[in-house]
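Please read the following points with the structure open beside you, taking them one at a time. They are written as a colleague's note for someone new to reading protein folds.

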Amino acid sequence: MSSSPERDFVLDHLDDLHADLEAWVRIPSISADPAHAPDVAASAEWLAEALRRTGFPTVEIWPTPGAPAVFAEWPSSDPDAPVALVYGHHDVQPVDPPELWVHPPFEPTRVDGPDGPELHGRGASDDKGVLIVHLLGLRAHLAATDRDTPGVTVKLLIEGEEESGSPHFAALLQERRDRLDCDVVVVSDTGMAAPDVPSAVTAMRGLADAEITLRGPKVDLHSGSFGGAVPNPCMRWPSCWPSCTTSRAGSRCPGSTTRCARCPIASARS
Ligand SMILES: [Zn+2]
């Protein structure tokens with residue numbers, strides 16, 4: 001891989017990155033477990049301090065009815081520079097069952113992997129490891145370009161509830177929308193194709209879930225009298241589902257009396 005001033009800076013300061021990441025991974029910020037709420041708050045505080053130390057002139061912890069988010073902003077001195085907003089999360093997934101961990105999840109451990117040294121610990125990659133790179137990356141950018149502000153205005157919004165469904169994130173975006181204006185959002189909760197392949201993820205899939213209620217006759221219908229004439233929900237459902245995922249809400253499934261009015265996927269698409 002070719003060299004660059006930024007890359008050289010990063011390689012010269014990898015110890016800083018490792019020290020920061022290991023300190024952050026030691027905080028068990030499991031958002032799905034209320035017993036760990038103080039740890040999630042501590043994780044937000046740790047990140048806020050690290051961002052201030054990196055040089056961000058604006059760093060704020062934004063409380064929510066659940067876990068706090070961290071917001072930071074570093075304006076470029078160029079007033080015409082675009083604004084990039086980086087999204088990520090500082091909470092981590094639960095660790096159950098703990099006995100299956102080779103190393104304790106919150107004691108970051110370096111091991112030799114097939115592509116070189118690896119750091120093992122909950123959150124070491126998702127998402128603390130991904131986010132910590134921005135701190136060193138910004139330092140490298142400033143050092144390599146001899147700037148004291150970034151070439152683009154950088155905003156970070158790092159939530160604390162991603163691993164438990166982001167229940168308060170939409171409301172937070174509404175509430176703080178005046179602070180979040182930007183030209184591009186960079187979702188920094190992604191992966192790389194390989195350790196030596198710098199990767200930009202250009203699209204992601206979301207999740208869809210649904211609770212399905214099938215309703216049929218209230219009483220058993222004799223098959224000899226009604227079989228074939230009265231649709232059986234269990235038999236109709238397999239053919240109904242594909243049309244529900246592609247039909248507009250309110251449409252009728254082919255060959256069925258069922259309407260897709262409440263189908264959440266059809267509703268979301270219409
Ligand atoms: Zn993640």
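1. Glu 22 lies in helix H2, where helices (H or I, at least four residues) and strands (E, at least two) are DSSP runs, numbered from the N terminus. Because Glu 22 has 18 C-beta neighbours inside 10 Å, it counts as partly exposed; a residue is buried if 20 or more other C-beta atoms lie within 10 Å of its own, exposed if 12 or fewer, and partly exposed in between, with C-beta atoms placed from the backbone. Glu 22 and Phe 106 are 84 residues apart in sequence, yet their C-alpha atoms are 9.0 Å apart in space.

2. Before going further, please keep in mind that this is a predicted model, in which local features need pLDDT of at least 70 and side-chain atom pairs count only at pLDDT 80 or more, while totals for chains, interfaces and linings use all residues. Residues are numbered from 1 along each chain as its sequence is written.

3. For the protein as a whole, there are eight helices and seven strands, and buried residues make up 25% of its 270 residues. Of the contacts with a separation of 6 or more, 61% are between residues 24 or more positions apart, a contact being counted if the C-beta atoms of two residues, placed from the backbone, lie within 7 Å.

4. Two packed helices are described by the angle between their axes and the distance between the axes. Helix H2 (residues 14-25) packs with helix H4 (residues 128-145) at an angle of about 140°, and their axes are 10 Å apart; axes are lines fitted to C-alpha atoms, for helices over the stretch in contact, and angles run from 0 to 180 degrees between N-to-C directions. H2 and H4 are therefore oblique to each other, since angles under 35 degrees count as roughly parallel, over 145 as roughly antiparallel, 65 to 115 as roughly perpendicular and the rest as oblique. On the H2 side the contact includes Asp 16, Leu 17 and Trp 24, and on the H4 side it includes Lys 128, Gly 129 and Ile 132. By class, this contact of H2 with H4 has seven nonpolar, one polar and three charged residues, where Ala, Val, Leu, Ile, Met, Phe, Trp, Tyr, Cys and Pro count as nonpolar, Asp, Glu, Lys and Arg as charged, and the others, Gly among them, as polar.

5. H4 also packs with helix H1 (residues 5-12), at an angle of about 130° and with the axes 8 Å apart. H1 and H4 are therefore oblique to each other, and their crossing is right-handed. Pro 5, Glu 6, Phe 9 and Val 10 of H1 meet Leu 136, Ala 140, His 141, Ala 143 and Ala 144 of H4, and the residues of this contact divide into seven nonpolar, one polar and one charged.

6. Strand S2 (residues 69-74) is mostly covered, since five of its six residues are buried. S2 runs antiparallel to strand S1 (residues 58-62), to which five bridges join it, and the two form a hairpin with six residues between them; Val 59 has Ala 72 in S2 as its bridge partner. S2 also pairs in the antiparallel sense with strand S6 (residues 153-159) over five bridges, and there Val 154 in S6 is the bridge partner of Trp 74. Strand S3 (residues 83-89), by contrast, runs parallel to S7, and four bridges join them.

7. Is strand S4 (residues 109-113) largely covered or largely in the open? Of its five residues the number buried is zero, so S4 lies largely in the open. Five bridges join S4 to strand S5 (residues 116-120), which runs antiparallel to it, and a hairpin joins the two through two residues.

How values were computed:
Two strands pair if DSSP finds at least two bridges between them. A crossing is left-handed if the near helix is turned anticlockwise from the far one by less than a right angle, and right-handed if clockwise.
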